[in-house]
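The exercises below go through one structure step by step. Try each task before reading its solution.

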Amino acid sequence: MEQEAAGLQAFAAEAAVGAERVLVLGMGGSSLAPLVFADSFPVKPGGPRLEVLDSTDPESVLATARRSPPSRTIYVVSSKSGTTLEPNILFDYFWDQAEKELGGAAGSRFVVITDPGSALEKEAGRRRVRRIFPGDPAIGGRYSALSHFGLVPAAFCGADVSLLLRRARAMEEACRRTGSDNPGLLLGAALGSLALQGRDKLTFDVGAPIPRFGMWIEQLVAESTGKEGRGILPVEGELLGPPESYGSDRVFVAIRQKNDDASAESLSRLAANGHPVIRMDFEDAADLGGQMFLWEFATAVAGRLLDINPFDQPNVQEAKDRTNEILAGEGTAEQVKKEVRPGIDRDALARLLASIGPGDYFAMMAYVQASPENEERLSRPRLRVRDARAVATTVGFGPRFLHSTGQFHKGGPPTGVFLQVTADPADEVPIPGRPFGFGRVLAAQAAGDLAALVSRNRRALRVDLGRDVAGGLAELDRAVGAALAGAVPDGSAEKTGKDKERA
């Protein structure tokens, strides 16, 4: 990649002439590194903004499509296998939009990144896209940030690709050392050994200018270690709280720019109360190159200590298979959801929350539009549960998290308590050439995910918000608060073992 850096930047500069945005259509390892780069590097004057769409939520698809016309957009379709559902149907949808405006010139607006020989490569060739960048089949998706999957979008957003790779090279050389000055070995050994001692909830405090870097690490660690009933749960986006908000299963990692002391006092209190705190400094956003290599190396080391294979993801495919089974049937999104009763069953919610015990974690899985507003609304009940039960909490937007913490949910330890949040999209959005639309896809993904959890006797509950997502999330927050403050229904606090899991 070092040899290609100058060529990537030259191609990006030429292809983006006249474009106001570059839109990455991907999922998991193909979308999270671009998302972090887009969030970390400012838009260059006169250059395009980098956006990422990794959702099948109809409102998200429509909102993204309306922000810029195809004639002012470069689309980057990114999928290692070339068979992943989400990028393929997004390709179909935006290709149709481009053909309607540009006719036979639609291909000039598309760039494809995929492994050689994939079905996506063949389709991209048939559609005569502008450029096909090959993936390296030897690199797994979540380890591909420093390959074409991460660096092509980085070049489009104006990042200095050569500098990113120089920082990565320096970290690679540091991780070849033997002994106590190998940062990747030390970090991986710390994470793995602490997890074996019960501190298996890895909590991030990440500062500007890379505030969402934890999202990338989340997928890397969760999907790499969450299997065979073991694993390290990454906790991203959970605001730091007082020491009494945490149990004895936490490890805190602060990744902040040098001289950024914004959270120093909170971290010092946590350390003084016996919680392991790891502090990592970085110079600027270009240090993402070194940080990404560091975390990839450390994750492999931690996986070795946990005696699992950090390079496979056996349980991700299960949710995909269940989704495809649902989509292969007949019916609309509403029929897929026909067994879902709108509203919040407060008694069932109270029983679910009462089942949470020490060492558990609470996961909110939201199949709604992934927006800052909805993330903030979900954070309110999330923090209520953390503070009341002193357990780790996560929030994931579907289907993004299915390619991230979804592996941990199903393959990791049976300590998760899952609240699935669904809603009814205002409009169905058809997918050209498919017998279903995005609404049905999202409903099928939610149903398949829940079925996979239930098949493992995980403690799980679905609530459906109906059409009013904002109002429904406010009601959910009130219901969670009431459940945590009220009496335990039906003697749930005394349930243990399999009964507790079924609750």
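**Exercise 1. Find which strands helix α15 lies across, and the angle the helix makes with one of them.**

Solution. Helix α15 lies across β10 and β11, and its direction makes about 160 degrees with β11. Such angles run from 0 to 180 degrees between N-to-C directions, with axes fitted to C-alpha atoms, for helices over the stretch in contact. Helices (H or I, at least four residues) and strands (E, at least two) are DSSP runs numbered from the N terminus. The model is predicted: local features need pLDDT of at least 70, side-chain atom pairs count only at pLDDT 80 or more, and totals for chains, interfaces and linings use all residues. Residues are numbered from 1 along each chain as its sequence is written, and side-chain values use heavy atoms, with hydrogens and water left out.

**Exercise 2. Work out the strand order of the sheet that contains β10 and β11.**

Solution. Step one: the order is β11-β10-β12-β13, an open sheet of four strands with parallel pairing. Two strands pair if DSSP finds at least two bridges between them. Step two: β11 (392-397) and β13 (459-464) are the edge strands, each pairing on one side only. Step three: from one strand to the next, the twist averages 15 degrees. Step four: β12 (residues 416-422) is joined to β13 by six bridges, and F418 stands opposite A460 in β13. Step five: helix α14 (residues 346-354) also packs on the sheet, where it touches β10 (361-367), β12 and β13, at about 145 degrees to the direction of β13.

**Exercise 3. Locate S79 and list what its side chain reaches.**

Solution. S79 sits in the loop between β3 (73-78) and α4 (85-102). With 1% relative accessibility, S79 counts as buried. Its side chain comes to 3.0 Å from the backbone nitrogen of G82. Contacts of S79 beyond four places in sequence include S30, I113, D115 and F149.

**Exercise 4. Give the order of the sheet that contains β6 and the helices lying across that strand.**

Solution. The order is β7-β6-β8-β9, an open sheet of four strands with parallel pairing. β7 (233-235) and β9 (277-282) have a single partner strand each, so one side of each lacks a neighbour in the sheet. Three bridges link β6 (residues 201-206) to β7, with T203 opposite V235. Helix α9 (residues 213-225) lies across β6, β7 and β8 (250-257), at about 160 degrees to β6. Helix α10 (residues 264-272) lies across β6, β8 and β9, at about 150 degrees to β9.

Methods
Buried means under 20% relative accessible area, exposed over 50%, partly exposed in between (1.4 Å probe, protein chains only). A polar contact is a pair of N or O atoms within 3.5 Å; within protein, one must be able to donate a hydrogen and the other to accept it, and residues adjacent in sequence count only if both atoms are side-chain atoms. Contact means heavy atoms within 4.5 Å.
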